[in-house]
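Me: I have this structure open and I'd like to talk it through. Can you help me find my way around?

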Amino acid sequence: MKKSSLRWLERALLVVALLCLGAWAYAWLDARYAQYREGKLLDEAADVRPPASVASETDALETFRDARGRSGPAPEGTLVGRIEIPRLGVSAIVLEGIGKKTLRRGVGHIPETPLPETGGNVGLAAHRDSFFRELKDIRKNDIITLKTLEGTYEYRVEWTRIVQPEDVEVLAGTGAPALTLVTCYPFYYVGSAPERFIVRAVRTEEQAASGP
């Protein structure tokens, strides 16, 4: 191969590498900004939450409540809350839906599963190489908190399980307030992982006794 051809090949590979790096940088910055923006909205809305007798609300609170108050499912990407697993150092914003853009920006609330204030089995999903990376180290009895505008809900891990993608019965109702986390498995698999890693947690006794 002539030297001129090698130079063109080197330049082409360099361009491809720069494009890949740029795409990764954009995705990373977009996710970080979305986490910051939605987190700020959630915290501001919770801080200014007025008594039920007060009619006036801030724009942030109205936006949050309007999205959750519509009949039918909320729009894809709507702010749901924040999930935290203190022992693992996990803290991530939860958004409605599991579309590609939504899961790039945060943890997704699986459609057709309830929200925590209803007391059902809340389903959340995220990528194994981003927001749910640390689930590989989760243990029984770890505490998970889920904060929404309606309150902060605490769950305790009961078990983990590896299932096939079509095994959606893990998202079915349990008869008690629960939280189910879903991510791809194995964690270090190269390419599209063939299985799903499931974490089941139940509402702590104190909160379960006090209602939804």
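**Core and barrel**

Reply: Let's start inside: in this predicted model, the largest nonpolar core has 27 residues, and Ile83, Ile144 and Leu181 are those with the most contacts inside it.

Me: Which strands supply at least two residues of this core each?

Reply: They are strand S1 (79–85), strand S2 (90–96), strand S4 (121–125), S5, S6, strand S7 (178–185) and S8.

Me: And what is Leu181 in contact with, leaving aside its neighbours within four places in sequence?

Reply: With those neighbours set aside, Leu181 is in contact with Ile83, Ile85, Leu124, Phe132, Leu135, Ile144, Phe197, Ile198 and Val199. Apart from the core described above there lies another core, of 6 residues, and among them are Ala125, Val170, Val182 and Ile198.

Me: OK, new topic: in what order do the strands of the barrel run?

Reply: The order is S1-S2-S3-S4-S7-S8-S6-S5, which makes a closed barrel of 8 strands with mixed pairing. Neighbouring strands of this sheet are turned by 30° against each other on average, with direction ignored.

Me: How many residues lie between S5 and S6?

Reply: There are 2 residues between them, and the two strands form a hairpin. Strand S5 (residues 143–148) pairs with strand S6 (residues 151–163) in the antiparallel sense over 6 bridges, and Thr145 has Glu154 in S6 as its bridge partner.

Me: What joins S6 to S8?

Reply: Strand S8 (residues 195–203) runs antiparallel to S6 and is joined to it by 8 bridges, with Ile198 in S8 being the bridge partner of Arg161.

Me: And how many bridges are there between S3 and S4?

Reply: Strand S3 (residues 107–109) and S4 pair over 2 bridges, in the antiparallel sense, and the bridge partner of Gly108 in S4 is Ala125.

Notes
Residues are numbered from 1 along each chain as its sequence is written. This is a predicted model: local features need pLDDT of at least 70, side-chain atom pairs count only at pLDDT 80 or more; totals for chains, interfaces and linings use all residues. Side-chain values use heavy atoms; hydrogens and water are left out. Two strands pair if DSSP finds at least two bridges between them. Helices (H or I, at least four residues) and strands (E, at least two) are DSSP runs, numbered from the N terminus. A nonpolar core is a set of buried Ala, Val, Leu, Ile, Met, Phe, Trp, Tyr and Cys residues joined through side-chain atoms within 4.5 Å. Buried means under 20% relative accessible area, exposed over 50%, partly exposed in between (1.4 Å probe, protein chains only). Contact means heavy atoms within 4.5 Å. Axes are lines fitted to C-alpha atoms, for helices over the stretch in contact, and angles run from 0 to 180 degrees between N-to-C directions.
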